[in-house]
Amino acid sequence: DIDLREYEKEEQQRQFSMLQAAYSWLSAAEDAQEEYLEELANKRQPGTCNWVLEQETVKAWVEPTGTEPLIWLTGKPGGGKSVLASFLVHYLQPRKDSTVLYYFCALNSARITCAEVLRTIAFQALQQNPQLASLVHQEYLQKVSTRSTPKMKTLLKDIFAVAKYVHLVIDGIDECQPTTQQEILKSVSELQRNASDIIKILISSRREPQIAEALTTKAHVSLNGRTDGAIELFVVQKVREIQKSFPNMTGALLGRIEQRLSRMANGMFLWVYLVTVMLKEQATEFELEEALEKLPEGLDAVYGRILDRISSLSEPKRTRAYKVLSWSCAASRAVKVREVADGITLRPGHATVLNKKTRIIDTQKDVIDICAPLVELSTGGYLEIVHASAREFLLHPQSGPFVKIAQVHFDI
């Protein structure tokens, strides 16, 4: 009995060691993905996503034995695609009959590789099926395998061969570089062809022709015109926030705000969020009424209005805001707010020593607030551009461009 217990203990330790070695070898971006999933869940307002489960196409996709192996979910920028994708991931996760995998491309989108995406979903699959650690160890680690795209595809095929059912959600693929987009789509399509009876895939993006061409056999679900009820709920919740800033506001003005936001939202939750921030910034009810009559139409107009405000700041706030946005756009990885705060104090051609005299103390006031709502602080302490469309606008000639990326890299 003692020998058996010792053997079982050693076997458990051996399995644990193999699992840790496999995790280390995959070295995936899972922590950041999990944190981003939770951030999206926190942005989700109660009742705004349930409608999607009533769609027949989605119902069939959710059920492992149902039809619809591949869904392409499309919508406008800021139309709630990522939040909806996170809702589906959270809805599926408690189920015991399916391995639920996901990747949100919004994180560091310009520098994502297909291999990284496949490594991350392999890591997640291993977390949910730890008994596969010995397979990974024997077939890959002991053979000193690379972590290339072909090897990751082979590994995932091996994992899926023993999985019961798999749901895979990839969101924001339109935000990746075109070559990376095509490589990811080709890889996941290949994985599905190899195990079409067990794998369900949902791709979420803006409606772009090159993605449509790559996804030949797909069911298409467009958010356009289907989120009106969810937008109404979101507007009501945001108007309550405005009311807290103006507790003596009349019911008539509240009604006007709600009506105007609902009418101008045009299916974009992000637009509602951004203009709510603008309205809450007003000092008096009179200013609020004036701002309500001059609301910018569409996301680009909102971004332009925010940049106008930043341009009107006094020095050195204006320069600091420009540097914050520049660093946020140009960073080759996720950056902590403290890193940005330290980085923007440096000046090209000058030797700056970081100490109590030169460092920014209040990062909320002097880094985040001066650029808000274009930047946000994530739960992990990272500074993030509010949306991929905001980054595109800052780099586009339409804004100047406000951020000249080559100059930023030269300065850094």
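Predicted model: local features only at pLDDT ≥ 70, side-chain atom pairs only at ≥ 80, totals over all residues.
How many bridges pair S3 and S4, and in which sense, parallel or antiparallel? S3 and S4 pair in the parallel sense, over six bridges. Residues are numbered from 1 along each chain as its sequence is written, and side-chain values use heavy atoms, with hydrogens and water left out.

**View 1. The whole chain, with its 19 helices and eight strands.** Helices (H or I, at least four residues) and strands (E, at least two) are DSSP runs, numbered from the N terminus. The C-alpha atoms fill a box of roughly 80 × 60 × 50 Å along the principal axes. A compact globule of 412 residues would have a radius of gyration near 22 Å, and the 24 Å of this chain agrees with that. That radius is taken over C-alpha atoms, and the globule rule is 2.2 Å times the number of residues to the power 0.38. Of the 412 residues, 50% count as buried, meaning under 20% relative accessible area, against over 50% for exposed and in between for partly exposed (1.4 Å probe, protein chains only). Contact here means heavy atoms within 4.5 Å. Among contacts between residues at least 6 apart in sequence, 76% join residues at least 24 apart.

**View 2. Strands S1, S2, S3 and S4 and their parallel pairings.** Two strands count as paired if DSSP finds at least two bridges between them. Strand S2 (residues 99-104) is joined to strand S3 (residues 166-171) by six bridges, and Val-100 stands opposite His-167 in S3. His-167 in turn stands opposite Lys-200 in S4. On strand S1 (residues 70-74), which pairs with S4 over five bridges, look for Trp-72 opposite Ile-203.

**View 3. The covered faces of S2 and S4.** In a regular strand the side chains alternate between the two faces of the sheet. In S2, Thr-99, Leu-101 and Tyr-103 lie on one side, Val-100, Tyr-102 and Phe-104 on the other, and all are buried. Strand S4 (residues 199-205) has seven of its seven residues buried. Ile-199, Ile-201, Ile-203 and Ser-205 point one way from S4, while Lys-200, Leu-202 and Ser-204 point the other way.

**View 4. Helix H4 (residues 81-92) and Ser-86 within it.** Ten of the twelve residues of H4 are buried, so H4 is largely enclosed by the rest of the structure. The buried residues pack against helix H2 (30-43), helix H3 (56-62), S1, S2, S3 and S4. Is Ser-86 buried or exposed? Ser-86 counts as buried, because its relative accessibility is 0%. Leaving aside neighbours within four places in sequence, Ser-86 is in contact with Leu-37, Leu-40, Ala-41, Arg-44 and Phe-104.

**View 5. Helix H5 (residues 114-128), checked for length.** The expected span of a helix is 1.5 Å times one less than its number of residues. Twelve of the 15 residues are buried, so H5 is largely enclosed by the rest of the structure. Among them are Cys-114, Arg-119, Phe-123 and Gln-124.

**View 6. The largest nonpolar core, with 89 residues.** A nonpolar core is a set of buried Ala, Val, Leu, Ile, Met, Phe, Trp, Tyr and Cys residues joined through side-chain atoms within 4.5 Å. Ile-257, Trp-271 and Leu-325 touch the most other members of this core. Helix H12 (residues 269-280) gives the most to it, with eight residues. Not counting residues up to four places away in sequence, Ile-257 touches Val-239, Ile-242, Met-249, Leu-279, Leu-288 and Leu-292. A second, separate core of 47 residues includes Leu-19, Leu-132, Phe-160 and Ile-198.

**View 7. An open sheet of three strands in the order S6-S8-S7, with antiparallel pairing.** The edge strands, S6 (335-336) and S7 (375-377), each pair on one side only. Three bridges join S7 to strand S8 (residues 382-385), and Val-375 stands opposite Ile-385 in S8. Helix H15 (residues 317-330) lies across S7 and S8, running at about 90 degrees to S8. Axes are lines fitted to C-alpha atoms, for helices over the stretch in contact, and angles run from 0 to 180 degrees between N-to-C directions.
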